[in-house]
Amino acid sequence: MKTMRADAQRSRERIIQAAQAAFGQHGVNASLEAVAKDAGVGSATLHRHFRSRRELVEAVFQDSTTAVAAEAARLAADQPPGPALFHWLQAVLRYTMANRGLVITLVPPSDEAYEGTCGHDALEAAAEPLLAAARSDGQVRADVTTADVLSLVNAISLLAERDPGADAERLLGLAITGIAPSSCAGTPSS
């Protein structure tokens, strides 16, 4: 990121704070016009800093996404490969469920011109060593990819967002059981 003037940096920070409050109350589809107004800037200023809603969402949740990604390394150090992967996927699921509409971070940007930081990339980079270790240990089928497991969490998160009665963690457990090779006798424990 290029260096910003101090007033531009303050405007950016106010926009992120206003968006964080709006997203917490209304989800990530909150009005960007209202975000700009609450930040004390015009709509053009908001769009100068964040060319898309996704860029703003990514900025608001960057620290949280980084923390969830870092959790993967901690789990890998503390647990065997299969349970480490499963517990990390549970952490990702809880993270997306706690932040309405945040499942966007699990999907790669569809716009090739997207230049912002991408939570998907951080989560994918965190998942890959966990998944590789679980595959190597025989806890996960060899053909399962990082995109597969993040897509499963994404789908479950979307379902839970639309149906609050859905037992997302149970569904994730079923999905994990489904990715284990048939030769595995047990399922990862919670």
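Q: Does E169 count as buried, exposed or partly exposed, and at what relative accessibility?
A: In this predicted model, local features need pLDDT of at least 70, side-chain atom pairs count only at pLDDT 80 or more, and totals for chains, interfaces and linings use all residues. Residues are numbered from 1 along each chain as its sequence is written, and side-chain values use heavy atoms, with hydrogens and water left out. Buried means under 20% relative accessible area, exposed means over 50%, and partly exposed is in between, with a 1.4 Å probe and protein chains only. E169 has 29% relative accessibility and therefore counts as partly exposed.

Q: Which residues is E169 in contact with, leaving aside its neighbours within four places in sequence?
A: E169 lies in helix α9, where a helix is a DSSP run of H or I with at least four residues, a strand is a run of E with at least two, and both are numbered from the N terminus. The C-alpha atoms of E169 and Q90 are separated by 6.9 Å, although these residues are 79 residues apart along the chain. Contact means heavy atoms within 4.5 Å, and once neighbours within four places in sequence are left aside, the partners of E169 are Q90, L93 and R94.

Q: How many helices and strands are there in the protein?
A: Read along the sequence, the protein follows the pattern α-α-α-α-α-α-α-α-α. The count is therefore nine helices and zero strands, with the elements taken as DSSP runs.

Q: Which helix has the highest mean pLDDT among the elements of the protein?
A: The predictor's confidence in each residue is given by pLDDT, from 0 to 100, and the protein has a mean of 86, with 86% of its residues reaching 70 or more. Among the elements, helix α9 (residues 168–179) has the lowest mean, 86, whereas the highest, 96, belongs to helix α2 (residues 32–39).

Q: How are α1 and α4 oriented to each other?
A: Axes are lines fitted to C-alpha atoms, for helices over the stretch in contact, and angles run from 0 to 180 degrees between N-to-C directions. Angles under 35 degrees count as roughly parallel, over 145 as roughly antiparallel, 65 to 115 as roughly perpendicular and the rest as oblique. The two helices pack at an angle of about 90°, with their axes 9 Å apart, and α1 and α4 are therefore roughly perpendicular.

Q: Which residues of α4 make the contact with α1?
A: From α1, the contact is made by R12, I15, I16, A19, Q20 and F23.

Q: Is S11 buried or exposed?
A: S11 is found in helix α1, and leaving aside its neighbours within four places in sequence, S11 is in contact with V41, T45 and H49. Because its relative accessibility is 11%, S11 counts as buried.
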